[in-house]
Amino acid sequence: MPQPGPAPGPAPGPAPASDTATTALLTVECQNGVVGDESALPELAKEARDSGMLNRVAALVAAAHRSGVQVVHAVAERRRDGLAANTNARLFRAAGRLPVRQLSGTRAVEVAPPIEVAERDLIVRRLHGLSPMAGTDLDPLLRNLGVRTLVVTGVSSNIAIPNTVFDAVNLGYRVVVPSDAVCGVPAAYTDEVIRNSLSLVATVITTEALLNEWDPAR
């Protein structure tokens, strides 16, 4: 089977999310217990802060609020008793032993600053799996809103972001990934997964291009 050629860089010109009425911005696991000061994953949290990713997600959320783009925050959490949580992979078992756990109702599962949550934002919580779109309310909510284009931001490029992008594409959404508004560890891995996987199924742009599209007068 022929191998794909070099993956394209960020798309030039206007972002493909200019129809704000049919576009939604999704933040993935941008919660205190993942990217906040008391993260269960300090290396990932440090990368999110030091790379500027978290600030760029916050800027996109603010621009989405001003331009009328629907914002959805996807949060991963678990019950205190762990009931119905996955145990079928090393990742899940390790998460259950971390000193900071993503327990429902705690600060760990609140959206992390500097991202602001507006009254109109939707928060989709999941107790299982690797993707905010598999077995959750996210897909029907987006369809009810008439969303056709999904902008995916957050963490991590190792697992949750690729799962989200592939699930959304399989469900028929047009997906946009701001390359500097996602991250993972090690830092170089994000560039590789975008170039060799995500760019083949999603439109890869920059945060700046999307901000210019949604908020040209800023």
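In which loop is Pro 186 found? In this predicted model, Pro 186 belongs to the loop between strand 6 (182-183) and helix 7 (187-196). The bond that joins Val 185 and Pro 186 is a cis peptide bond, with omega about -5°. A cis bond is also present from Val 155 to Ser 156, where omega is near -10°. Ser 156 is located in the loop between strand 4 and helix 6 (160-170). Most peptide bonds are trans, and most residues other than glycine have a negative phi. Glu 29 is not a glycine, yet its phi is positive, about 55°. This residue sits in the loop between strand 1 (23-28) and helix 1. With a relative accessible area of 13%, Glu 29 counts as buried, because the cut-off for burial is under 20%.

The protein contains eight helices and seven strands. It has 218 residues, of which 47% are buried. Among contacts in the protein with a separation of 6 or more, 79% are between residues 24 or more positions apart.

In soluble globular proteins, nonpolar side chains tend to be buried together. Here the largest nonpolar core comprises 29 residues, and Leu 25, Val 35, Ile 115 and Trp 214 have the most contacts inside it. At least two residues of this core come from each of helix 1 (32-35), helix 2 (42-50), helix 3 (53-67), strand 4 (149-155) and helix 8 (207-214). Helix 3 provides the largest share of the core, eight residues. Apart from this core lies another, of 25 residues, which includes Ile 161, Val 177, Val 182 and Leu 198. With neighbours within four places in sequence left aside, Ile 115 of the largest core is in contact with Cys 30, Leu 54, Val 57, Ala 58, Val 61 and His 73.

His 73 is part of strand 2, where it is one of the buried residues. Strand 2 (residues 70-76) is mostly covered, with seven of its seven residues buried. In a regular strand the side chains alternate between the two faces of the sheet. In strand 2, one side carries Gln 70, Val 72, Ala 74 and Ala 76, the other carries Val 71, His 73 and Val 75, and the residues on both sides are all buried. Strand 2 runs parallel to strand 1, to which it is joined by five bridges. In this pairing, Ala 24 stands opposite Gln 70 of strand 2. Strand 2 also pairs with strand 3 (residues 122-126), in the parallel sense and over five bridges. There, His 73 is opposite Ile 123 of strand 3.

Helix 8 has Thr 207, Ala 209, Leu 210, Leu 211 and Trp 214 as its buried residues. An α-helix has 3.6 residues a turn, so residues three or four places apart point the same way. The cover over the buried residues of helix 8 includes strand 1, helix 3, strand 4, strand 5 (174-178) and strand 7 (203-205). Trp 214, one of the buried residues of helix 8, is also among the residues with the most contacts inside the largest nonpolar core.

Notes:
Residues are numbered from 1 along each chain as its sequence is written. This is a predicted model: local features need pLDDT of at least 70, side-chain atom pairs count only at pLDDT 80 or more; totals for chains, interfaces and linings use all residues. Side-chain values use heavy atoms; hydrogens and water are left out. Helices (H or I, at least four residues) and strands (E, at least two) are DSSP runs, numbered from the N terminus. Buried means under 20% relative accessible area, exposed over 50%, partly exposed in between (1.4 Å probe, protein chains only). Contact means heavy atoms within 4.5 Å. A nonpolar core is a set of buried Ala, Val, Leu, Ile, Met, Phe, Trp, Tyr and Cys residues joined through side-chain atoms within 4.5 Å. Two strands pair if DSSP finds at least two bridges between them.
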